[in-house]
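Dear colleague,

Please find below the structure that I am handing over to you, together with its sequence. My findings follow directly after it.

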Amino acid sequence: MPQIVVLTGAGISAESGVPTFRDADGLWEGHRVEDVATPEGFERDRATVQRFYDERRAALATVEPNAAHRALAELEETLGTGLLVVTQNIDDLHERAGSRNVIHMHGELLKALCRSCGVASPWSGTLLDEPACPGCGAHELRPDVVWFGEVPYEMDRIADALSEASTFVSIGTSGAVYPAAGFVQHARRHGARTLELNLEPSEGSHFFHESRQGRAGDLVPLWAREVLWT
Ligand code: APR
């Protein structure tokens, strides 16, 4: 069981050039969240949703992990399975920085989920052209992304880890979306020390023992050094 559980959100990838969700205009890259991040939006207009995620997937080739991703990967080199990263992000920047012990609770851009056989396959191409599922051959692939109204992945494993952890750190997330926004209270109830690293106080800032404001690329390497020195 990990001693440290880290929750990451869009803010950790912001300095890599991946836009966050809740920008001033309330839109996600020009789209309303209910249009591109709900099962209803997909049923209404599949082409728009497939094109949207195809573009996000292609954009991954233009971004690189930043100092915050790298600091977590380096920490894992020392702590091994003592560190678990739970990310809400659907990009692959933690893995590209070298992290291995990662749970993508909101799914991954680089996977396609077959609505016919239920199997998720690695995917780097497009879905707008309705390709066949590598497993069953059905032309029913969708992004393997957890939309609003759907259940995030690996919640049991995350709950167990939060119950056992001695430290919980939340990085670059607005604390606006549950269940992730409730992890701090869960960890704290079970005795963890809780720390927030975010550009600004999140919606749940007051739930943390400590909240530090700044850029993830500055704050995360500093915190990782503190962990290694103590
Ligand atoms: N360093 C640290 N924090 C940052 C930085 C940065 N460089 N840039 C932005 N932030 C902070 C913002 O201040 C904000 O509080 O990151 C947070 C990003 O919040 P959101 O855009 O709401 O992203 P997130 O919390 O990951 O969203 C949660 O909502 O739309 C859904 O499924 C989607 O996983 C997503 C979930």
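Gln-88 counts as buried because its relative accessibility is 10%, where buried means under 20% relative accessible area, exposed means over 50%, and partly exposed covers the range in between (1.4 Å probe, protein chains only). The residue lies in the loop between E2 and helix H6 (93-97). Helices (H or I, at least four residues) and strands (E, at least two) are DSSP runs, numbered from the N terminus.

Please note that this is a predicted model, in which local features need pLDDT of at least 70 and side-chain atom pairs count only at pLDDT 80 or more, while totals for chains, interfaces and linings use all residues. Residues are numbered from 1 along each chain as its sequence is written, and side-chain values use heavy atoms, with hydrogens and water left out.

The side chain of Gln-88 makes a polar contact of 3.0 Å with the side chain of Thr-173. A polar contact is a pair of N or O atoms within 3.5 Å; within protein, one must be able to donate a hydrogen and the other to accept it, and residues adjacent in sequence count only if both atoms are side-chain atoms. Leaving aside neighbours within four places in sequence, Gln-88 is in contact (heavy atoms within 4.5 Å) with residues including Leu-7, Met-105, His-106 and Ala-180.

Thr-173 leads on to the ligand. A polar side-chain atom of Thr-173 lies 2.6 Å from an oxygen atom of the ligand. Polar backbone atoms also take part: one of Ala-10 is 2.8 Å from a ligand oxygen atom, and one of Phe-21 is 2.8 Å from a ligand oxygen atom. On its own, the ligand has 740 Å² of accessible area, and the protein covers 92% of this; such areas come from the Shrake-Rupley method with a 1.4 Å probe, and for residues only the protein chains shown count as cover.

Which residues come nearest to the ligand? Of the 21 residues around the ligand, these are Glu-15, Phe-21, Arg-22, Thr-173 and Ser-174; a residue is included if one of its heavy atoms lies within 4 Å. Helix H1 (residues 10-14) gives the largest share of this shell, three residues.

I turn next to the nonpolar cores. A nonpolar core is a set of buried Ala, Val, Leu, Ile, Met, Phe, Trp, Tyr and Cys residues joined through side-chain atoms within 4.5 Å. In soluble globular proteins, nonpolar side chains tend to be buried together. The largest core here has 20 residues, and those touching the most other members are Val-6, Leu-72, Val-169, Ile-171, Leu-197, Val-220 and Trp-223. Among the elements that give two or more residues to this core are strand E1 (4-8), helix H5 (67-79) and helix H9 (216-229). H9 gives the most, with six residues. A second, separate core of 17 residues includes Val-5, Ile-103, Met-105 and Ala-165.

Two further residues may be compared. Val-85 is found in strand E2, and at 0% relative accessibility it counts as buried. Not counting residues up to four places away in sequence, Val-85 touches Val-6, Leu-72 and Ile-103, among others. Leu-79 lies in helix H5 and, at 30% relative accessibility, counts as partly exposed. Leaving aside its neighbours within four places in sequence, Leu-79 is in contact with Ile-4 and Val-227. The C-alpha atoms of Leu-79 and Leu-228 are separated by 9.0 Å, although these residues are 149 residues apart along the chain.

Yours sincerely
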